[in-house]
Amino acid sequence: MLAGIALSGQKMKIEEWKQRNLRAKYYAHFDKRLSVDHAWGYISNPDKVARHGFFPFIHYVQSFRKYNTKTGVKDKKRELCYASHMDRYIYSYYGYMLNEKYNERVRKDGISDSAVAYRTDLGENNIHFAKKTFQFIRENKDCHIIVGDFTHFFDKLDHRYLKRQMCSLLACESLPADYYAVFKNITRYATWDLKSLLQINRLKDTKKGIKALNRKETVLTGEQFKQNKKACVVSHKESFGIPQGSPISAVLSNIYMLEFDNAMRRFTEQHSGLYMRYSDDFIVVIPDYPEQQFADNLKWIQEIVLKTEGLELQEEKTQVYQYSNGELSNISVEYLSGVKDGSDLLNYLGFTFDGKLVTIRDKTLSKYHYRMYRKADYIVKCGGRTKNGRRISNKELYRLYSKKGARSGKGNFITYVQNAERIFTDDPIARGTSNHMQKIRARLKMMPPF
């Protein structure tokens with residue numbers, strides 16, 4: 001009877017996964033679009049997956065601007081890849097199955113509330129995790145805090161180590177043929193650059209050109225694929241790194257960190273502390289110890305990072321704080337080499353803690369205001385009209401950056417602020433956004449009258 005109930009529950013979860021992946025994605029790739037119902041008989045057959053020929057990922061560089069109150073606007077780039085339609089269903093389905101196993105494992109190991117990124121079973125988000133962390137610090141009154149960040153996390157994951165962790169999770173000595181096929185093609189993957197696909201199709205590398213490419217049934221005909229494959233396909237030959245942007249990358253990164261998370265959790269529990277990791281960011285809180293003993297604790301953490309294949313601390317983002325009776329002090333220079341005096345503000349998961357109050361991080365607010373003003377300034381610059389003389393509506397500006405948009409049901413940054421206010425009930429979370437409507441209207445008043 002219990003087995004029947006478990007099987008029924010598993011089927012229900014699979015149906016939920018299928019519902020989330022019901023529609024074919026809009027983009028064009030090397031294969032044709034198809035729905036999850038059409039793909040299901042194939043991706044749920046281990047023999048077919050084991051023999052499946054994976055297409056190259058389409059690779060592109062995402063360029064975006066980051067705004068900082070101190071350094072201003074900086075151009076940033078991120079290397080991303082996206083899979084063909086059938087490949088995406090395979091990666092997503094196997095990612096789902098691995099995630100189910102992972103959730104069971106971390107609950108069994110007692111670390112479910114330590115590794116919190118990309119989880120589907122916690123029913124919480126970064127706001128809840130930040131709340132728990134800051135609450136733990138407040139309740140301890142006297143403690144040391146270590147905040148760390150791993151350098152190029154996804155790009156440095158060691159393939160052999162990842163395979164060992166997958167075998168450990170699946171309780172097997174070697175990966176089953178279908179899982180091995182997925183592992184092999186996410187580690188020894190190939191890419192085809194989006195720019196070359198646009199060139200072959202005689203399209204410009206613009207938003208308009210990319211839209212035109214995505215309207216096609218496939219990005220290349222079968223003949224074009226054969227003719228250009230040798231010159232355009234780039235194989236990933238390194239023994240480390242997985243592509244960012246695939247449906248399985250997130251869960252693989254969590255599986256990779258199983259031993260590390262277990263060791264960190266056991267260590268902090270021995271010291272009545274807290275350990276939490278969100279992807280490549282982690283925080284450790286250890287109740288107050290004599291200076292030398294804390295130095296030994298910090299050294300232990302640094303050593304376990306070094307012992308874990310592929311992990312490397314990003315020095316400039318690793319910070320040490322001391323919290324005592326509501327006062328927070330950055331003491332990184334006392335314990336870390338090669339760091340400068342840092343701010344006495346603790347930033348974690350998009351929030352800032354000054355020892356007394358929690359607010360939304362200045363960097364996050366700056367990004368919100370920068371984008372809001374850029375949108376408003378564009379409308380003003382155009383005189384409120386398009387090149388064809390049509391009036392530009394302000395609705396999109398308000399939908400994206402105001403409480404009007406928060407009420408629309410689609411959500412925006414103000415929705416996020418309102419959610420944070422409901423969780424951080426005693427902190428001035430709305431600081432910096434409470435008068436956003438006045439700011440938008442003032443910016444638009446700069447527009448000449450019609």
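Which residues does Asn103 touch, not counting residues up to four places away in sequence? In this predicted model, Asn103 touches Arg119, Thr120 and Asp121, where contact means heavy atoms within 4.5 Å. Residues are numbered from 1 along each chain as its sequence is written, and side-chain values use heavy atoms, with hydrogens and water left out. The model being predicted, local features need pLDDT of at least 70 and side-chain atom pairs count only at pLDDT 80 or more, whereas totals for chains, interfaces and linings use all residues.

Asn103 has its place in helix 4, helices being DSSP runs of H or I with at least four residues and strands being runs of E with at least two, numbered from the N terminus.

Helix 4 (residues 85-109) and helix 6 (residues 159-170) have axes that come within 10 Å and cross at roughly 70°, the axes being lines fitted to C-alpha atoms, for helices over the stretch in contact, with angles from 0 to 180 degrees between N-to-C directions. Helix 4 is therefore roughly perpendicular to helix 6, a term for angles of 65 to 115 degrees. Leu98, Lys101, Tyr102 and Arg105 of helix 4 meet Met166, Ser168, Leu169 and Leu170 of helix 6.

Among the strands, strand 3 (residues 142-149) and strand 8 (residues 319-324) run antiparallel and are joined by six bridges, with Val147 having Gln319 as its bridge partner in strand 8; two strands pair if DSSP finds at least two bridges between them. Strand 8 also pairs with strand 9 (residues 327-330) in the antiparallel sense over four bridges, and in their hairpin, which has two residues between the strands, Asn325 takes a positive phi near 50°.

A further open sheet consists of three strands in the order 10-11-12, with antiparallel pairing; strand 10 (346-348) and strand 12 (358-360) are its edge strands, each pairing on one side only. Helix 5 (residues 126-140) lies across strand 10, strand 11 and strand 12, and runs at about 5° to strand 11.

Key
Angles under 35 degrees count as roughly parallel, over 145 as roughly antiparallel, 65 to 115 as roughly perpendicular and the rest as oblique.
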